[in-house]
Amino acid sequence: MNSRFPFIEWFRNSSPYINTHRGRTFVILIEGDAMIDERGEQLIQDLALLHTLGVRLVVVYGIRPQVSRALEQDGIVPERHEGRWVAHHQIMACVERVAAQQRLWLEARLSLGLPNTPLHGVELIAVSGNLVMAKPLGVRRGIDFDHSGEVRRVRKSAISALLEQDALVVLPPLGFSSTGEVFDLDASEVAQHAAIALKADKLILLGDADGLHDANGLLQRQLSPDEAEPLRAAATPGCELARHLSAACGAARHGVGRTHLLPWHNHDALLGELFTRDGMGTMITQHRYEQLRPAGLRDIAGLLELLRPLQEHDVLIERSRERLEQEIGDYVVIERDGMIIGCAALHQFSDSAMGELACVAVHTDYRGSARAAMLLGEVELRARSHGLKALFALTTHTAHWFIEHGFGPADIEALPAARRDAYNHTRKSKILLKHMI
C-alpha cells in the first residue's frame, strides 16, 4: 500500500542507512564554487543534519574562485604552473585573508539556530586550527613555487579527539610548517590526506560535475581506482576533475572504503547519495559495491525476499527456506550494497550431462541492465566447468528472453529422467534447451 506522504516511505527506507552511518567518519570537501556569493545554505543545513544523525564530520573547504576574484580586483595576475599558482607574498596574503573569511562564513552558518530555521535547536561546535602540517612544493622544473605547498601530515590524534567530543572539524586549504610558515594547499589533497589518516569511512568530494559519464553520456555509478586512472591522466592538470580523481584514487588505494563524486549544485545530491541504495553520483572504491558471487546460507533471507513477489504472481514456483538451504550451493547471487537483487541456480542430475537453469530472478528496480544475462553467463561458466553439454529451463512467462539468449524449444522427452518425472503438467511450463558450445 503506497503512503499518502512519499517522504514517510523514503524515511522508512533510509533507516538502515541512518543506522549504518551513525558513528562513522566522513571527510567532505566543499569546493569554493559552492560557497561563492554565499551559496551553499542548503548544503550547510545538510551537514548539520548529518551531525545530528551521529556522523563524525571533517569538512574541508576550497577557496580558489574567491581568491581568483580577489586577485583580479587587486590587479594581480598569478603565475601558474602545472595547475598551481606561485604563491608569492601578495598572493599568499590574499589566500590567508580569503581562507579566514570563508571559515568565519562557515562557522556562522553552522551556528545559526533561530526559530523557524532548519538548525533551530541544533548545538553544533565547529573547530579549526593548525591541524594540517605542510611543506613547500619547492623548485620544480626551474620554477620556485614559494609558499605553494603540499601536505606533510595530518594531526590525526588531535582531530580524532575533537570528533570524540562531538565537534565538527573544519580544515581550510592551508598548512603549517615547523618553521612557523603558512602554505597554500590544494583542498582536495587536504581532504585525501585527512581521510587516509583518519581511516575515514567515506571521502565525499562536492564539485561542479554530476559524477563521471561514459562515452554514451550514462552516469557511471561505480569505478575502481584502476578504471578511473585513465580519466585522471587525460584531464587537464590542476582542473577540478584531475584533482578530485587524484584524491579519490589515492584515498581508495590507501584504505578509504568509498569516495563519492557529487555535484554541489544539486541540493539533493549529498543526502540522496548517503540514504538511497543507488545514490546520485559516482563512487570510487576498491571494493565492489555490486558483485556477482556464489550464494551462502547468510543469503537465504535475501533470496526469500527477492523471490516472494515472483512466487505470488506465479512466475516462479514456491521455494521454501528449507529447500533453499539444501540447494544453496547451486545458486549465484548479485549483491548490491548488502541487498540481494538477483539470483540464478544450476541444478545438476547424476544421470545426465544436462543441467537445469532455474530461478533466474532480478529485483524489479534493477531490470533492464543486463543483470539477468550476467547471471546466465555465470551459470554457463559453471556448467562448462562441470562438463555439462546442455542447459534447459522451464518457464511460463519468459520464454522469449530465453530464446533471445540462445535457447530453443524442446519437448519433455529431452529432459533428464529425474526432471521428466517431476515435471508439473498443471503449470504447462515451456521447455527450452541450449547446447553448450
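I began with the second largest pocket, whose lining divides into seven nonpolar, six polar and nine charged residues (Ala, Val, Leu, Ile, Met, Phe, Trp, Tyr, Cys and Pro count as nonpolar, Asp, Glu, Lys and Arg as charged, and the others, Gly among them, as polar). The model is predicted, so I kept in mind that local features need pLDDT of at least 70 and side-chain atom pairs 80 or more, while totals for chains, interfaces and linings use all residues. Residues are numbered from 1 along each chain as its sequence is written, and side-chain values use heavy atoms, with hydrogens and water left out.

I noted that 22 residues line this second largest pocket, with E82, R84, D186, R243 and S246 nearest its centre. For the elements that give two or more residues to its lining, I found α6 (187-197), α7 (225-234) and α8 (240-253).

I then turned to the aromatic rings, where W401, F402 and F407 form one cluster. I took rings of Phe, Tyr and Trp (its six-membered ring) as paired if their centres lie within 6.5 Å, with planes under 30 degrees apart stacked, over 60 edge-to-face and the rest tilted. By this rule I count three aromatic pairs. The rings of W401 and F402 have centres 5.1 Å apart and planes at 85°, so I logged the pair as edge-to-face.

Last, I checked burial (under 20% relative accessible area is buried, over 50% exposed, in between partly exposed, with a 1.4 Å probe and protein chains only): W401 is partly exposed at 21%, whereas F402 is buried at 5%.

Conventions: On a 1 Å grid over the protein atoms alone, a cavity is a set of points where a 1.4 Å probe fits but cannot get out, and a pocket is an open set with protein on both sides within 12 Å along at least five of seven lines; lining residues have an atom within 4 Å of a point. Helices (H or I, at least four residues) and strands (E, at least two) are DSSP runs, numbered from the N terminus.
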